Amino acid sequence: MTLRNVSGKITEFVIGGFDTVKRPVTVGVVILIIYVLVVLANVVNILFIIYDKRLHKPMYLLICNLAVVDILYSSSASPTMIGVLLAGYKTITYVPCLIQMFLFHLGGVMEMFALSVMALDRSIAIAYPLRYHSFLTNVHTVILTYILWLVACGFVAVMPATVIPLPYCHSTLKYTFCDYAAIVRASCVNPRYYFTLVSIISFFLLFFTFSFICLSYLSIIFVVVRSSKNDKKKVFSTCLSHLIVVICYYCPLFIRIVLTRLGVVLTLEERHGLMIGAILGPSLVNPFVYCLRTKEIKNKLLNIFNKVKPIE
């Protein structure tokens with residue numbers, strides 16, 4: 001593929017990650033359906049929380065934040081993949097590609113931060129129930145969330161800062177959208193330094209957030225051990241939604257890490273499948289888990305359906 005350069009800089013990339021897919025339309029339709037469900041489900045959650053003043057509480061503000069993160073995370077990559085598979089539109093210009101890379105990795109980092117602060121919320125609610133509303137007010141929750149977004153932007157800003165100066169030898173990206181690995185591999189430099197730098201940042205974020213979540217649940221377990229049987233059931237019911245969401249997000253990450261450490265080399269198709277599942281899977285599961293497991297949201301849904309009576 002001939003490079004299209006302006007002053008030595010590439011002006012567009014070609015998305016080549018789906019070139020070997022045998023049924024692109026089928027795959028594209030599946031991704032489109034899942035993506036539409038992700039956006040609709042998360043928007044419904046956000047609207048419920050915004051318009052019902054009874055849900056203006058720290059826990060629901062954090063659920064709302066998670067829904068925003070899920071929309072960002074899935075929207076950063078899905079439209080490009082759908083365009084390639086269904087419309088055959090494979091090119092993306094340089095600046096939008098960098099923006100997509102930034103938003104995708106920002107969504108991934110914020111997913112970890114959102115789950116961590118939700119674990120903190122559950123830990124305080126269970127370990128210090130009488131002081132919960134003084135520790136986590138709505139204002140404190142909004143400020144904490146805002147700070148986490150700024151910190152996440154700071155971490156992710158390293159990626160565009162390191163790829164913008166690079167010269168490029170290839171205009172075709174081997175992956176399914178513009179992520180950091182795809183752009184670095186298209187450059188003329190040895191990618192080892194860049195991958196090592198981002199791996200250190202990623203490992204730090206993964207280790208820190210997962211350890212924080214585990215410590216939060218250890219404090220919950222410490223309280224539960226001394227609780228009555230009835231209280232244990234309430235705590236389990238309260239934490240189950242968050243546990244499901246944590247498992248859905250961290251499992252694909254740990255699977256990739258374990259496979260890499262074991263020396264298992266994934267084919268591009270296997271890597272793409274795991275990556276797409278890691279993006280869309282948690283974003284689809286999260287809103288449904290909180291709709292079905294959170295009493296207030298579930299009751300609101302039931303009330304809406306009960307008001308819609310069939311015409312006789």
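User: Why does Arg 54 count as exposed?

Analyst: Exposed means over 50% relative accessible area, buried under 20%, and partly exposed in between, with a 1.4 Å probe and protein chains only. Arg 54 has 62% relative accessibility, so Arg 54 counts as exposed. This is a predicted model, in which local features need pLDDT of at least 70, side-chain atom pairs count only at pLDDT 80 or more, and totals for chains, interfaces and linings use all residues. Residues are numbered from 1 along each chain as its sequence is written, and side-chain values use heavy atoms, with hydrogens and water left out.

User: What makes Asp 52 and Arg 54 a salt bridge?

Analyst: A salt bridge needs a side-chain nitrogen of Lys or Arg within 4 Å of a carboxyl oxygen of Asp or Glu. The closest N and O atoms of Asp 52 and Arg 54 are 3.1 Å apart, so the pair meets that limit. Asp 52 is buried, at 8% relative accessibility.

User: How do you know that Asp 121 is buried?

Analyst: Its relative accessible area is 2%, and the limit for buried is under 20%. Asp 121 forms a salt bridge with Arg 122, with the closest N and O atoms 2.8 Å apart. Arg 122 is buried as well, at 10% relative accessibility.

User: Which parts does the salt bridge between Asp 19 and Lys 90 tie together?

Analyst: The closest N and O atoms of Asp 19 and Lys 90 are 3.0 Å apart. Asp 19 lies in the loop between β3 and α1, and Lys 90 in the loop between α2 and β4, so the pair ties together parts that are 71 residues apart in sequence. Helices (H or I, at least four residues) and strands (E, at least two) are DSSP runs, numbered from the N terminus.
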